[in-house]
Amino acid sequence: MSSATPAAASQPVTPRKKNYFTPKRIARVSILVALSAVGAFIKLPSPTGTVALDSAPAFVAAAAFGPLEGSIVGVLGHMFSALITGFPLGLPVHILVALATFVWVGAFGYVARKTNIWVAIPVGIILNGVGGAALLIPIYGIGIFASLLLPLVIGSAINIVIAVAVVKVLDLTGLSGTPRKGKKSEKLQAPVSPEEQAKSA
């Protein structure tokens, strides 16, 4: 009479939950946030002096690596760039802008990955440019919207065009993340055996 226990292979194996914040992702986010801080020093003319090239890394992350990662870079990048410029609009306003950036960058990344990156360009410009100016109306009035609309739209366009150019380079070098619609990728072909070559000859 055998007293052997059932094989371990017959027992159900619970798949391990994949951790989103992998060391690779944390390192990538850190680098992109640092680039956002550098971009904050490259100012574009505006009445408040807050329009700069600090959001391009967030748009890169959103299109190349996913909306959530881009949103995280957008929030941290904005707060870090606001910090090094002394929170010119006040801490509460910059927190509000950071939360709005989370949504806008995420929406850009979603459209870029689910439809096409070229469709995402006007979406990002409208959300970040027009939406960014409109966000301040309840706080500072319609005058701030009128004065910031053009600088923010131009700044958003420059940031997003830079981001798209970088994403295209990442695509060509194979460094961008999971495939997205509209992304050209080369399919690996299986090696052809000598027998198959003889049949096709």
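Guide: What follows begins with the chain as a whole, turns to the cavity and the cores, and ends with a few individual residues.

This is a predicted model, in which local features need pLDDT of at least 70 and side-chain atom pairs count only at pLDDT 80 or more, while totals for chains, interfaces and linings use all residues. Residues are numbered from 1 along each chain as its sequence is written, and side-chain values use heavy atoms, with hydrogens and water left out.

The protein chain has eight helices and zero strands, where helices (H or I, at least four residues) and strands (E, at least two) are DSSP runs numbered from the N terminus. Read from that end, the order of elements is α-α-α-α-α-α-α-α. Of the 201 residues, 39% count as buried, a term that stands for under 20% relative accessible area, with exposed meaning over 50% and partly exposed the range in between (1.4 Å probe, protein chains only). The chain exposes about 12,100 Å², of which carbon and sulfur atoms supply 71%; such areas come from the Shrake-Rupley method with a 1.4 Å probe, and for residues only the protein chains shown count as cover. Among contacts (heavy atoms within 4.5 Å) between residues at least 6 apart in sequence, 68% join residues at least 24 apart.

A search of the whole structure finds one cavity of 30 Å³ or more, a cavity being a set of points, on a 1 Å grid over the protein atoms alone, where a 1.4 Å probe fits but cannot get out, and its lining being the residues with an atom within 4 Å of a point. The volume of the largest cavity is about 460 Å³, counted as the space filled by probe spheres set on the points, with grid points joined across faces, edges and corners. Its lining comprises 32 residues, of which T50, D54, H78, V97 and L152 are the closest to the centre.

Which helices each supply at least two residues of that lining? They are α1 (23–40), α3 (67–84), α4 (91–114), α5 (117–134) and α7 (142–173), and α3 gives the most, with six residues. By class, the lining of the largest cavity has 14 nonpolar, 16 polar and two charged residues; here Ala, Val, Leu, Ile, Met, Phe, Trp, Tyr, Cys and Pro count as nonpolar, Asp, Glu, Lys and Arg as charged, and the others, Gly among them, as polar.

Next come the nonpolar cores, each a set of buried Ala, Val, Leu, Ile, Met, Phe, Trp, Tyr and Cys residues joined through side-chain atoms within 4.5 Å. The largest has 26 residues, and F59, A63, V73, F108, I117, I160 and V167 touch the most other members. Two or more residues of this core come from each of α1, α2 (56–65), α3, α4, α5 and α7, and the largest share, eight residues, is from α2. Another core, of 12 residues, lies apart from it and includes V51, V97, I144 and F145.

In helix α4, H94 is buried at 4% relative accessibility, and, with residues up to four places away in sequence not counted, H94 touches H78, M79, A82, F87, P88 and L89. F87, one of these partners, lies in the loop between α3 and α4 and has a positive phi of about 45° although it is not a glycine; F87 is partly exposed, with a relative accessible area of 23%. T101, also placed in helix α4, is buried at 9% relative accessibility and, leaving aside neighbours within four places in sequence, is in contact with G74 and G106.

In helix α1, G39 is buried with a relative accessible area of 4%; beyond its neighbours within four places in sequence, G39 is in contact with A52, L53 and D54, and its C-alpha atom is separated by 7.7 Å from that of S55, 16 residues apart along the chain. F65, in helix α2, counts as buried at 14% relative accessibility, and the C-alpha atoms of F65 and G109, 44 residues apart along the chain, are separated by 8.6 Å. Leaving aside neighbours within four places in sequence, F65 is in contact with R25, R28, V60, R113, L170, L175, S176 and G177.

Notes
1 Å grid on protein atoms, 1.4 Å probe; cavity = no way out; pocket = protein on both sides within 12 Å on 5 of 7 lines; lining within 4 Å.
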